[in-house]
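Please read the points below with the coordinates open beside you.

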There are 2 protein chains.
Amino acid sequence: MDMTQYLLAHPQTLIPLTLFSEEYGSAKSSISEDLSIIKEAFESQGVGVLKTVAGAAGGVKYIPQMNEAQALGFMQMLIEHLEKPERLLPGGYLYMSDILGNPATLTQIGKLFATAFVDKDVEIVMTVETKGIPLAYATASYLNVPVVIVRRDNKVTEGSVVSINYVSGSSKRIQTMSLARRALPEHSRVLIVDDFMKAGGTVRGMIDLLQEFQATVVGCGVMVETADVSERLVDEYISLAKLNDVDVKGKQIELELGSYFTKQ
Amino acid sequence: MDMTQYLLAHPQTLIPLTLFSEEYGSAKSSISEDLSIIKEAFESQGVGVLKTVAGAAGGVKYIPQMNEAQALGFMQMLIEHLEKPERLLPGGYLYMSDILGNPATLTQIGKLFATAFVDKDVEIVMTVETKGIPLAYATASYLNVPVVIVRRDNKVTEGSVVSINYVSGSSKRIQTMSLARRALPEHSRVLIVDDFMKAGGTVRGMIDLLQEFQATVVGCGVMVETADVSERLVDEYISLAKLNDVDVKGKQIELELGSYFTKQ
């Protein structure tokens, strides 16, 4: 039982078997036996994968992963939830704060993003304030990496900051985003996460800002993208859902599964 | 193993034993036996408490709780980390974004707040953008309640919003904070969480805003409070650490354990 708890609390961490044998005073062989039971349970319940690394520097690593059936089931439920007409906001936006405020839902979305980018050697998850923040944390906990948050102003009291101007793709207004110099080590491998993408100006801004830090963007995941965009400012990204049609007068919202599901 | 994982993933939720017996096809007696083993492990490892409710409507509930030794050990480590001179920012603030960006650390702080307010029947955790957001989520996941985020402007595109002006206690400037009307059901029991408190103007603003929603503030938790405040605008709160002395010239920072530890 302890081992299950310990593994879940330390995702993406190589844990030497000696830690368990010392902690619980059992032989390594019985530890291995217990681990194979946990491994099977994790896989059948869709909790994730247990990876065993042999040798003196080896151990066991829990890699959180959602299987396809779980991912599909969850997203279909979420889309149904998102299609409720009362979510419609002026400008064709959707009210999503209740979803982004629900830890249980966020956990699932975070696990989905972590599954999508598990092979990208992500070192840092980045987002811009405000609504993307919980998504970034949920994702980062499963990837076991830190989060950095880009601010939408340059009144940041965090020492020396790097600021850039960017053009919001949909409103065409010039805006500012900033990140403290010390928030991000140079040459980091960064995953960008956000809740909503129209033309992609905000994500584009983050990509440009990351160049100032000599960082590599290893992926970009958005929860919902809109379908009717004449010119997308970002090329490579995955979305979990796509907002197809918003009929503001008729109060109709139509979403479908995003590129993560359709491009596989 | 499955039961451990399920319980950890569903904190503060009454789970009928029939769920386990149906899921795993075991007799209720063997389920109870397994639960008492898990209960003991949870308590000895400081994971939390398993509460069993008897009767037809009964079941088992996992209540995440940090024991005193864990809480103290964690905070002492955190304080040491916070006292590094390079954290000093103009105005006597501390750079804490790295700490607030670390999911493993946040998890611990969230569990600490959840432990402190476990008896308060918290229905919603509230914070104000930006830095308090991860703390609020970490706390809310352990309490199994939603989060609402107050915005620092009134350009919120979330339908009808309630805005108030408040005076920042330290800078004495008039500022605005807003919350969408639909974000918070009336008469909610709200826990306020924030990362840093000087005079408490921001927290005071949130308390005033909550009055507009006929909400009850059941508690307030801040990670770090400053000690040298002539007039505190908030009476009831707990802090995890107290910033005693900042010597900007000598680059010395001195913290001690906050009221959560000293007032018990």
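1. In this predicted model, the contacts in chain A between residues at least 6 apart in sequence can be sorted by their separation, and 60% of them join residues at least 24 apart. Chain A contains 9 helices and 12 strands, and its C-alpha atoms fill a box of roughly 65 × 45 × 30 Å along the principal axes.

2. Chain A is divided into domain 1, covering residues 2-64, and domain 2, covering residues 68-262. The centres of domain 1 and domain 2 of chain A, taken over C-alpha atoms, are 33 Å apart, and the contact between them involves 6 residues of domain 1 and 7 residues of domain 2. On the domain 1 side of chain A, the touching residues comprise 3 nonpolar and 3 polar ones, with no charged residue.

3. Of the 264 residues in chain A, 43% are buried. The largest nonpolar core has 132 residues, and A:Val125 and B:Val125 are those with the most contacts inside it. Leaving aside residues up to four places away in sequence, A:Val125 touches A:Ala136, A:Thr139, A:Ala140, A:Leu143, A:Val145, A:Val147, A:Leu191 and A:Val193.

4. As to confidence, chain A averages a pLDDT of 91, and 98% of the residues score at least 70. Among the elements of chain A, strand E5 (residues 124-128) has the highest mean pLDDT, at 98, whereas helix H2 (residues 17-24) has the lowest, at 82. For the model, the scores are ipTM 0.92 and pTM 0.94.

Note on methods:
Residues numbered from 1 in each chain as written. Chains lettered and ligands numbered in written order. Predicted model: local features only at pLDDT ≥ 70, side-chain atom pairs only at ≥ 80, totals over all residues. Core = buried A, V, L, I, M, F, W, Y, C linked by C-beta atoms within 7 Å. Buried ≥ 20, exposed ≤ 12 C-beta atoms within 10 Å, placed from the backbone. Contact = placed C-beta atoms within 7 Å. pLDDT = per-residue confidence, 0-100. Helix = DSSP H or I, 4+ residues; strand = E, 2+ residues; numbered from the N terminus. Domains from an automatic or database assignment. Nonpolar A, V, L, I, M, F, W, Y, C, P; charged D, E, K, R; others polar.
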